[in-house]
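Subject: Structure for your review

Dear colleague,

Please find the structure below.

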Protein chains: 2
Amino acid sequence: MKNYCVGVDVGGTTVKMGLFDITGSLMDKWEIVTRKEDGASHVFPDIAASIRERTDRHGLTLADLTGVGMGIPGPVEEDGYVGKIVNIGLYDLNPAKELSALLDGVPVKAGNDANVAALGEAWLGGAQGYQNVVMFTLGTGVGGGIVMSGQLFSGSHGMGGELGHMTVNPAETEACNCGNHGCLEQYASATGVVRVARRQLMQNTGGSVLRDIGELTAKDVFDAAKSGDAVAMAAVEELGRYLGLAMSWVALTVDPEVFIIGGGVSRAGQILLDVVRTNFEKNIFISDKKADVALATLGNDAGICGAAKMVL
Amino acid sequence: MKNYCVGVDVGGTTVKMGLFDITGSLMDKWEIVTRKEDGASHVFPDIAASIRERTDRHGLTLADLTGVGMGIPGPVEEDGYVGKIVNIGLYDLNPAKELSALLDGVPVKAGNDANVAALGEAWLGGAQGYQNVVMFTLGTGVGGGIVMSGQLFSGSHGMGGELGHMTVNPAETEACNCGNHGCLEQYASATGVVRVARRQLMQNTGGSVLRDIGELTAKDVFDAAKSGDAVAMAAVEELGRYLGLAMSWVALTVDPEVFIIGGGVSRAGQILLDVVRTNFEKNIFISDKKADVALATLGNDAGICGAAKMVL
């Protein structure tokens, strides 16, 4: 009986995995190191061996799995093809086909990790019960994920939902990692918030608790903003202005029921939600029916949950 | 045998209609006046009477129709509900249900007119053969239409593809019709191009052929730009900058195979295509696989074609 499935979240440092039953109960979760040496040739064999070992430990065989879903940190095309996974060093591959071959033909599906996380939040997290969901993951970078009619949406060239690279400020002078100037990621990621706060500290001669902190983090900026620090609040408002603006563009394109904000930065909570929602609603005049904005609830488990949902 | 269908394009001045066979051949097209008097109560009865009369003229009955598709100048929700059709003066209705009741129960489907036009271009026009299409209609306003997997896409609140109201310039001081400031429509519509050209004329003391024209039109601006007029070219470039930017946001969200530019302004042709494509590609750094940009080919027939396709 195929009553189980595995969700895999492939990251640059670790691969997270979860064993689920088909009702969505997480029976076990674990992680392994992403071995990038030898041209990253061990990554998929390691995952396969780990799945075999763990299913065995639960008294199951591969024949008990409906399939394995996998989130990949790169654009995944409709047929599963991936041109590059930059932060692992893998190029020109079909991860789903590779893993399936290593698992005696168990069906494997792959999707972009940010899209997969959105599917996880739609299934078991902050967007539970919604069919049309857009998620912004504010981490080291900014990822985007789109779920339409309950299904993962990846677009014609695997570029659907690459929301972190929307140009929100054409006047920006510093370059984004992608080479463009003024991407959302430069303001709304953990590194982006810190960058903007540092810039505010240079332009602003007023006092700020941030001046006494050596290695500034996004958490420092939000904590200071919550305690009324004007410089920190200016950085938070800049994040809110650009993320709210980008959300309004997405709403006028795919018109989701709900936006979910996840990733490390989302731990800032209500202050983030408030500033983003205000700026989002300010830019949607043509309709009174606006999408909700909510925080993600699954944390690091969003990836394995969404990956599992892909094969159910 | 249900081998025929009717496409209806409801406008503020006229209702355009087309009788198609199910292979997509347009057998007949005609239009009637949109009677807005008496609370616009005649609009749907007039359409129904016209369809009955025209099918009869072709030796057909309502029983020969697979259905009637209808483009509506307003947001249409998933169940067909329409809150308002501002430029006709109709509120709180389900146009598809109303027309079906007037046609002895023939199946009727309704969609937003800009979305329906995109479906028409995907079926028989500039996007023929593509499954994922986004269309910008540059007319009096700016409409947007999205076709995904060959199907019309309208979003959760009928607001999907309302691309004309994306905020492209938060610094704009003049208000858009919608009440917001800096919408794409304020730069890329026929009235928008003229508005920007007038502003350029005021800010720019140099000579321009546009200064000698009394009632400036979008065509005047493009014609002058083509003949090398610097002021006119500045207005065209402003259109290109903002439309290209908006396209990049849409590409990073739904990632279509092709963008189609239609509406009266698109008659400017190659000069428009060039300036838009340059600005679009400039804002997509993260992938080499960029959507094509092409001109619409169906002109005023896009609406009736797309409407017909809805019921095939």
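A residue counts as buried when its relative accessible area is under 20%. Please also keep in mind that this is a predicted model.

The cut-off applies directly to one residue of chain B. Thr34(B) has a relative accessibility of 5%, and therefore it counts as buried. Thr34(B) is located in the loop that runs between β3 (26–33) and α1 (43–57) of chain B. Which residues does Thr34(B) touch, leaving aside those up to four places away in sequence? They are Gly11(B), Gly12(B), Thr13(B), Thr14(B), Val15(B), Val43(B) and Ile88(B). With Thr14(B) there is a polar approach as well: a polar atom of the Thr34(B) side chain lies 3.2 Å from the backbone nitrogen of Thr14(B).

I turn next to the domains of chain A. Chain A is divided into domain 1, covering 4–121 + 301–310, and domain 2, covering 129–296. The C-alpha centres of these two domains of chain A are 28 Å apart. Between them, 13 residues of domain 1 of chain A are in contact with 17 residues of domain 2 of chain A. The area buried between the two domains is about 1,100 Å², and carbon and sulfur atoms give 61% of that area. On the side of domain 1 of chain A, the residues that lose the most area to domain 2 are Asn115(A), Ala118(A) and Glu121(A), which together account for 43% of what that side buries.

Across this domain interface of chain A, the rule finds zero salt bridges and one residue pair in polar contact. Helix α3 (residues 113–124) of chain A contributes the largest share of the domain 1 side, namely seven residues. By type, the residues of that side are eight nonpolar, two polar and three charged.

Finally, there is the interface of the two chains. Here 41 residues of chain A are in contact with 41 residues of chain B. Chain A and chain B bury about 3,400 Å² between them, with 61% of it on carbon and sulfur atoms. How many salt bridges does the rule find across the interface of chain A and chain B? It finds zero, while the count of residue pairs in polar contact between the chains is 21. On the chain A side, β9 (142–148) and α7 (230–254) each supply at least two residues. The largest share of that side, seven residues, comes from α7(A). The residues of the chain A side divide into 19 nonpolar, 15 polar and seven charged.

Yours sincerely,
A colleague

Methods
Residues are numbered from 1 along each chain as its sequence is written. Chains are lettered from A and ligands numbered from 1 in the order in which they are written. This is a predicted model: local features need pLDDT of at least 70, side-chain atom pairs count only at pLDDT 80 or more; totals for chains, interfaces and linings use all residues. Side-chain values use heavy atoms; hydrogens and water are left out. Domain bounds come from an automatic or database domain assignment. Contact means heavy atoms within 4.5 Å. Buried area is the accessible area (1.4 Å probe) that two parts lose on being put together, summed over both. A salt bridge is a side-chain nitrogen of Lys or Arg within 4 Å of a carboxyl oxygen of Asp or Glu. A polar contact is a pair of N or O atoms within 3.5 Å; within protein, one must be able to donate a hydrogen and the other to accept it, and residues adjacent in sequence count only if both atoms are side-chain atoms. Helices (H or I, at least four residues) and strands (E, at least two) are DSSP runs, numbered from the N terminus. Ala, Val, Leu, Ile, Met, Phe, Trp, Tyr, Cys and Pro count as nonpolar, Asp, Glu, Lys and Arg as charged, and the others, Gly among them, as polar. Buried means under 20% relative accessible area, exposed over 50%, partly exposed in between (1.4 Å probe, protein chains only).
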